[in-house]
Amino acid sequence: IAPERFVAFVFDDIHLTSGDLAQVRKAADQHIENMVPTDRLAIYSISGEVSQDFTDDRARLHAVLARIRPAIMVRVGALNDVDQRVLTSLANLKAVAKRMSAVPGQRTVVLVSPGFNTLSPLYRDAIDAIVEQAIRSKVIISSLDARGLYTDPRFSAAPSGGRSLTSMYMASSLMSELAGGTGGTLFENSNGFEEGFRRLAA
């Protein structure tokens with residue numbers, strides 16, 4: 001059976017927390033189990049540490065998914081500079097979009113991330129370059145917000161880490177812009193991650 005749909009999951013292992021990663025990884029594992037014969041899936045981490053090109057081998061995909069670790073570049077003492085972490089994330093995301101140009105059929109990138117603030121003018125050219133590369137490569141970039149259902153810290157008994165709803169929406173601005181600029185979808189403010197993967201990879 002000839003493959004028709006090529007989907008790349010890009011996990012933001014630079015910004016994902018261990019709690020967020022556990023939830024989205026479980027949902028991604030379920031998505032792998034539900035793949036149809038015409039699907040091909042690739043898995044990349046935004047740090048570049050994990051890379052699995054397109055395959056329909058479920059066992060291999062599960063194994064690669066298990067290798068992704070949260071906040072990797074900070075954990076190993078690299079990229080302690082916030083700007084450098086963001087620029088590395090953007091450069092690697094562009095590289096995935098470029099790599100997708102070589103595959104036939106329907107091409108979709110699903111960015112799995114809690115978001116990160118990209119409102120500084122320093123990042124403008126890099127963001128524009130991702131959208132331009134995706135358009136040239138005929139790639140749709142959709143995003144799954146790994147933070148799940150938003151709760152307003154003012155009304156939550158749980159520790160918020162000082163994050164306001166405004167800061168949470170600011171962090172998702174990149175995911176929204178990439179989806180809007182490439183014809184994709186942003187799945188956010190929901191804990192239904194299995195449905196999110198199903199919808200974005202369709």
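This is a predicted model: local features need pLDDT of at least 70, side-chain atom pairs count only at pLDDT 80 or more; totals for chains, interfaces and linings use all residues.

Let me begin with the largest cavity, which has a volume of about 50 Å³. A cavity here is defined on a 1 Å grid over the protein atoms alone, as a set of points where a 1.4 Å probe fits but cannot get out, and a lining residue has an atom within 4 Å of a point. The grid points are joined across faces, edges and corners, and a volume is the space filled by probe spheres set on the points. Counting in this way gives 1 cavity of 30 Å³ or more.

Residues are numbered from 1 along each chain as its sequence is written, and side-chain values use heavy atoms, with hydrogens and water left out.

Which residues line the largest cavity? They are Arg5, Val7, His31, Met35, Asp39, Arg40, Leu41 and Ala201. E1 and E2 are the elements that give two or more residues to this lining, and E2 gives the most, with 3 residues. When I speak of elements, I mean DSSP runs numbered from the N terminus, with helices (H or I) of at least four residues and strands (E) of at least two. By class, the lining of the largest cavity divides into 4 nonpolar, 1 polar and 3 charged residues, where Ala, Val, Leu, Ile, Met, Phe, Trp, Tyr, Cys and Pro count as nonpolar, Asp, Glu, Lys and Arg as charged, and the others, Gly among them, as polar.

A pocket, unlike a cavity, is an open set of points with protein on both sides within 12 Å along at least five of seven lines. Of the 13 residues that line the second largest pocket, the closest to its centre are Gln30, His31, Asn34, Glu194 and Arg198. H1 and H8 are the elements that give two or more residues to this lining, and its classes are 5 nonpolar, 3 polar and 5 charged residues.

Let me now step back to the whole chain, which has 8 helices and 6 strands. The 6 strands form an open sheet with mixed pairing, in the order E3-E2-E1-E4-E5-E6, and its edge strands, E3 (51–55) and E6 (186–187), each pair on one side only. Two strands count as paired if DSSP finds at least two bridges between them.

Strand E1 (residues 5–11) runs parallel to strand E2 (residues 39–45), and 7 bridges join them; the bridge partner of Phe9 in E2 is Ile43. E2 and E3, by contrast, pair in the antiparallel sense over 3 bridges, with Leu41 standing opposite Thr55 in E3. These two strands form a hairpin with 5 residues between them, and Gly48 in the turn has a positive phi of about 90 degrees. Further along the sheet, E4 and E5 run parallel and are joined by 6 bridges, and in E5 the partner of Val110 is Ser142.

Is E5 enclosed or open? Strand E5 is largely enclosed by the rest of the structure, because 5 of its 6 residues are buried, where buried means under 20% relative accessible area, exposed over 50%, and partly exposed in between (1.4 Å probe, protein chains only). Ser137, in the loop between helix H5 (124–136) and E5, is also buried, with a relative accessible area of 2%. Leaving aside residues up to four places away in sequence, Ser137 touches Ala97, Lys98, Ser101 and Arg107, a contact being heavy atoms within 4.5 Å.

Finally, the helices: H1 lies across E1, E2, E4 (106–113) and E5 (140–145), running at about 165 degrees to E1. Helix H8 (residues 193–200) lies across E1, E4, E5 and E6, at about 175 degrees to E5. For these angles, axes are lines fitted to C-alpha atoms, for helices over the stretch in contact, and the values run from 0 to 180 degrees between N-to-C directions. Within helix H1 (residues 18–33) we find Ala22, which is partly exposed, with a relative accessible area of 43%.
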